[in-house]
Amino acid sequence: MPHSPEPLPAPRLGEPYLLTPGPLTTAFSTKEAMLRDWGSWDADFRAMTKSVCDQLVALAGDTTGAFVCVPMQGSGSFSVEAMLGTFVPRDGKALVLANGAYGLRAAETMRYLGREYTLIDKGDYMPPRGDEVAAALDDDPAITHVVAIHCETSSGILNPVAEISEAVYSRGRKLLIDSMSAFGALPLDVNEIRYEAMVSSANKCIEGVPGFGFVIARRSELEAAKGNSHSLSLDVHAQWAYMEKTGQWRFTPPTHVVAAFLEALRLHAAEGGVAGRGARYTRNRDVMVEGMRGLGFETLLKDRWLSPIIVTFFCPADPAFVFSDFYEKMKQKGFIIYPGKLTVVESFRIGCIGRMDEHVMRRVVQAAMEALAEMGVASAAPPEAAIAERAKLAA
């Protein structure tokens, strides 16, 4: 086993670790960057915005100027809606690939927008595959765009976006990717996976704080999107055009959040960029999953589909196990975990992202062991129904 690195410092204010898919535990220096006020129109802040955008485009692998970054105020879902409403034309049609809550939310967004769409819904945890996408595109020539989720955090599955991209472009269509919970820790290089636009947000794998998302888009595609948007404030083209002209955001930016994000980007680079960040999260997952399985817990997914972002565990069948009690006990021990989002069986999730490391993950496992003992849970094994559901995935 490789030598464990020096532990990362614990949260300085003593707050619990956030074992969630974001907002997440951040470095103290990232929080500290928010102590200063900035004028949104001032040259210093304009330079900060430019630096953020330049660094994000570089993270996406573009060195030719073919891609641009457009930050958008609000939560990640604001930016997803902005991307869909800007890049899917009013007379276009989207094929939405869903295997959890975020794919379904993209479909619901299309419904609100009044844009035509069709849905491949794989249920809670089956990945959409390239051949299915190809067949759907062959069946429906009206489809212009495909919408894919990079990491579906309702199950913790990492979807095969490279395979999906190949299917989309082999049939002359366009791909939009929601990489909300993956960008910055998992590769999404424009030179290796083709797409027109992707969206992520400040408070995920780059470990900033909530307040804005960003769209990284092919410049030519963005130029062609003028007039598509259904919304004044969510128009990615209008935001980009105004920034190009003035260096400013069109409406009040989250200045403190941008300052924090610059510090988060500095820490991200110091850790070795996407590869370094992804390696820490992968180690977090491996240590935590091995420990939880050692306690008798079962993961929803086989190892092949486990993302290093968040892991879904089945709740134990033992009648002494009550999730709300388990949650409170874990919180008292310094860890905030995440409820499950599966529709068929009871589950919960443990995130692997944020300012924490394998040393913390060993303490998470210890806390879970203590919580089970305090609740009088004799076995963490899941119900038969959970294993039957999982067997479908293998098939």
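Mentor: On a 1 Å grid over the protein atoms alone, a pocket is an open set of points with protein on both sides within 12 Å along at least five of seven lines, and its lining residues have an atom within 4 Å of a point. The model is predicted, local features need pLDDT of at least 70, and side-chain atom pairs count only at pLDDT 80 or more, while totals for chains, interfaces and linings use all residues. Residues are numbered from 1 along each chain as its sequence is written, and side-chain values use heavy atoms, without hydrogens and water.

Trainee: What is the volume of the largest pocket?

Mentor: The space in the largest pocket is about 400 Å³, where volume means the space filled by probe spheres set on grid points joined across faces, edges and corners.

Trainee: Which residues lie nearest the centre of the largest pocket?

Mentor: Among its 26 lining residues, these are Ser 77, Tyr 102, Arg 105, Met 180 and Lys 204.

Trainee: What makes Leu 56 and Tyr 195 stand out in the largest nonpolar core?

Mentor: Of its 47 residues, these two touch the most other members. A nonpolar core is a set of buried Ala, Val, Leu, Ile, Met, Phe, Trp, Tyr and Cys residues joined through side-chain atoms within 4.5 Å, and buried means under 20% relative accessible area (1.4 Å probe, protein chains only). Leu 56 and Tyr 195 are members, so both count as buried residues of these kinds.

Trainee: Which residues belong to the second, separate core?

Mentor: That core has 41 residues, including Ile 157, Met 288, Leu 306 and Ala 367.

Trainee: What is the volume of the second largest pocket?

Mentor: Its volume is about 290 Å³, and Lys 50 and Cys 53 are among the residues nearest its centre.

Definitions and conventions
On a 1 Å grid over the protein atoms alone, a cavity is a set of points where a 1.4 Å probe fits but cannot get out, and a pocket is an open set with protein on both sides within 12 Å along at least five of seven lines; lining residues have an atom within 4 Å of a point. Buried means under 20% relative accessible area, exposed over 50%, partly exposed in between (1.4 Å probe, protein chains only).
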